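Keep the model open beside the text as you read.

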Amino acid sequence: MRYLKVLSLCGLLFFWGLPSQAAQLNGLYEAEVVVANQGRGLRTTAMSEAMAAVLLKVSGSSAVLGEEVIQSAMADAARYVQQYRYRSEAIPSGKRQVAKNGKPAADSRLLLSVGFDSASIDKLLRRFGFTVWSSARPATLVWLAIEEGSRRVLVGANDQGLVREVLEAEAQRRALPLLLPLLDLTDRSKVRPAEIWGGFLENIETASQRYEAQAILIGKLYSTGGRWEAHWTLRYQGQEHVWQKRAKGVRAVIASGVGGSSDYLLQHFAKSSYLGVDQLALRIEGVDGMSAFRRVNDYLLSLHGVEAVTLRRVDASSNSFLVQIEGSREAVLQAITMGDVLVKVETPVPESLLSPEFTTPPQWASSTQPAPQPELPQSGVDAQIPADNTEQPIDNTELPPQQPQVAPLQELVYRLLS
C-alpha cells in the first residue's frame with residue numbers, strides 16, 4: 001500500500017493545527033450508536049455499547065471494559081442513562097455501501113444519542129478502583145513519519161485520508177486531544193523524516209515549542225514482511241515512554257500510538273484506585289468582586305473529584321478556599337494547571353498565611369532531627385540519688401494530655417485569569 005493511496009481517502013474530521021496548550025473536552029458522558037430501527041431490543045443493546053464508549057472516555061483506561069463487574073453494569077445500562085434521543089444523519093457519498101440485494105446505497109443512517117448521569121458513572125468507576133479522568137487533558141502533538149519504498153514523508157495537519165482518519169477516530173474514542181503539525185516552512189526547516197527515523201528528538205522538541213503542546217508523540221510507520229510496524233516515543237514532562245506495535249492491518253498499528261499515549265498519560269493525571277478524602281488549601285489572587293468569586297467557586301466545583309469548596313478567608317484582592325477532594329489530589333491539581341481559569345503563582349507563602357487552625361510541628365518532629373531526651377540530673381547534692389539504690393515513690397500526678405502535632409495545611413497560590 002502506497003502512502004499517497006493511504007492519504008487519498010476521505011477523512012476530513014476535526015483536528016488542530018494551531019497552537020493550543022490544553023483542551024477542555026465536552027461530551028465525555030455522551031455517546032452515539034448506529035441502529036437499524038427504534039425497537040426496544042436494539043435500544044437496549046445500543047445503550048450498552050454507548051455506555052462502554054463513555055466508560056472508556058471517562059476512565060481513559062483500556063482495561064476498564066475487560067472487568068466482569070463493569071460488563072455486568074453495562075448489561076443494565078439503562079439505569080445509568082439520563083436521557084436519549086434518535087436522530088438521522090446523512091452518509092457522505094464516499095462512505096455509502098451498496099446493499100447485498102443490489103439496492104441503491106442508503107444516503108442516511110439512524111443514530112441513538114445517549115447521555116449518561118455523570119455522578120453515577122463516576123461512582124461506578126471509583127467503586128471498582130478505576131480512574132475518573134478530568135475533562136482537562138493534555139494536548140498531544142503527533143510527529144509521524146511513514147516509509148514507502150525508498151522515501152519517507154511526514155503526516156501534517158492538511159493531509160486527508162486514512163492515517164488522519166484513524167488517528168482522529170482513536171483520539172475521539174479515548175478522549176485524548178491531538179494536534180498535527182502544520183508542516184509549513186518553519187516546521188520543514190527544523191524537522192525532516194530523517195530526524196524522526198534517526199531519533200534526533202531534540203530538534204523535534206525545538207520545533208514543537210510553537211504549538212505549546214504538553215506532550216509530544218513521535219512515531220515511524222513502515223511495512224515489512226507483509227505486516228505493518230510502528231515505533232512510538234511519547235515525551236512528557238522530561239520523561240520518555242517507548243513502545244512498538246506490529247500487525248497485519250495498518251489501522252491497529254496507527255491506533256496503537258494514541259492508545260499507548262492515553263494509557264501512559266493517565267498514570268500522571270489520576271490514581272488508578274480510590275484514595276479517600278483529601279484537602280487542598282488554595283489562595284486565589286485577583287478575586288475583586290462577587291462575580292469573580294462566583295467564577296472561581298463554580299470552576300473549582302466543576303473539577304472532577306472536588307466534592308465541596310469552602311471559603312476560609314477574604315482579603316482585599318484574594319480569597320482563600322478549602323477544597324475537599326474525593327479521589328486523587330494530583331488529578332485535581334493537574335486539571336487546574338491545564339485549565340484556562342487559574343494560573344499558579346510561584347512565590348513562597350508567608351507563614352502568616354497558613355491556616356490558624358493548624359499548628360506547626362516542632363523542629364524535632366522532622367525525621368532528620370532526633371527527639372529530645374529527658375534531662376538527666378547532675379552528680380552532687382542536687383541529684384538526690386539514694387546511696388542504697390532503693391526505689392523512690394512513683395509520682396502519680398496526671399500530666400495534661402499532649403495535643404497531637406498536625407502538619408500545616410499550606411496554601412497554594414493561584415491567580416485568576418481575565
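A31 stands opposite V114 of strand 4. This model is predicted: local features need pLDDT of at least 70, side-chain atom pairs count only at pLDDT 80 or more, and totals for chains, interfaces and linings use all residues. Residues are numbered from 1 along each chain as its sequence is written, and side-chain values use heavy atoms, with hydrogens and water left out.

Strand 2 and strand 4 are joined in the antiparallel sense by six bridges. Here strands (E, at least two residues) and helices (H or I, at least four residues) are DSSP runs, numbered from the N terminus, and two strands pair if DSSP finds at least two bridges between them. The open sheet has three strands in the order 2-4-3, with antiparallel pairing. Its edges are strand 2 (30-35) and strand 3 (81-90); each has a single partner strand, so one side of each is left without a neighbour in the sheet. From one strand to the next, the twist averages 25 degrees, where axes are lines fitted to C-alpha atoms and angles run from 0 to 180 degrees between N-to-C directions. As background, strands of a sheet pair through backbone hydrogen bonds, either parallel or antiparallel.

**Aromatic pairs**

How many aromatic pairs does a search of the whole structure find? There are three aromatic pairs. In one of them, the ring centres of Y84 and Y86 are 6.4 Å apart and the planes stand at 90 degrees, so the pair is edge-to-face. The rule is that rings of Phe, Tyr and Trp (its six-membered ring) pair if their centres lie within 6.5 Å; planes under 30 degrees apart count as stacked, over 60 as edge-to-face and the rest as tilted. Y84 counts as partly exposed, at 40% relative accessibility. On this scale buried means under 20% relative accessible area, exposed over 50%, and partly exposed in between (1.4 Å probe, protein chains only).

**Helix 4 and what covers it**

Which residues of helix 4 (residues 118-127) are buried? They are I121, D122, L124, L125 and R126. Their cover includes helix 2 (40-59), helix 3 (68-75), strand 4 (108-116), strand 13 (306-314) and strand 14 (318-326). Just after helix 4, G129 has a positive phi of about 80 degrees.

Two of the covering elements, strand 13 and strand 14, form a hairpin with three residues between them. These strands run antiparallel and are joined by seven bridges, and V314 has N319 in strand 14 as its bridge partner. R313 also lies in strand 13 and is partly exposed, with a relative accessible area of 22%.

I218 is in strand 9 and is buried, with a relative accessible area of 5%. Leaving aside residues up to four places away in sequence, I218 touches W143, I196, L201, I204, H231, W232 and T233; a contact means heavy atoms within 4.5 Å.

Two pairs of residues can be set side by side by their C-alpha distances.

| Pair | Separation in sequence | C-alpha to C-alpha distance |
|---|---|---|
| I218 and H231 | 13 residues | 8.3 Å |
| R313 and R283 | 30 residues | 8.9 Å |

L183 has a positive phi near 60 degrees and is a residue other than glycine. L183 sits in the loop between strand 8 (178-179) and helix 6 (185-188), and at 10% relative accessibility it counts as buried. E212, also not a glycine, has a positive phi of about 55 degrees. Its loop runs between helix 8 (201-208) and strand 9 (215-224), and E212 is partly exposed, with a relative accessible area of 44%.

**The whole chain and its confidence**

The protein chain has 11 helices and 16 strands. Of its 418 residues, 44% are buried. Among contacts with a separation of 6 or more, 73% are between residues 24 or more positions apart. The accessible surface comes to about 23800 Å², of which 49% belongs to carbon and sulfur atoms; the areas come from the Shrake-Rupley method with a 1.4 Å probe, and for residues only the protein chains shown count as cover.
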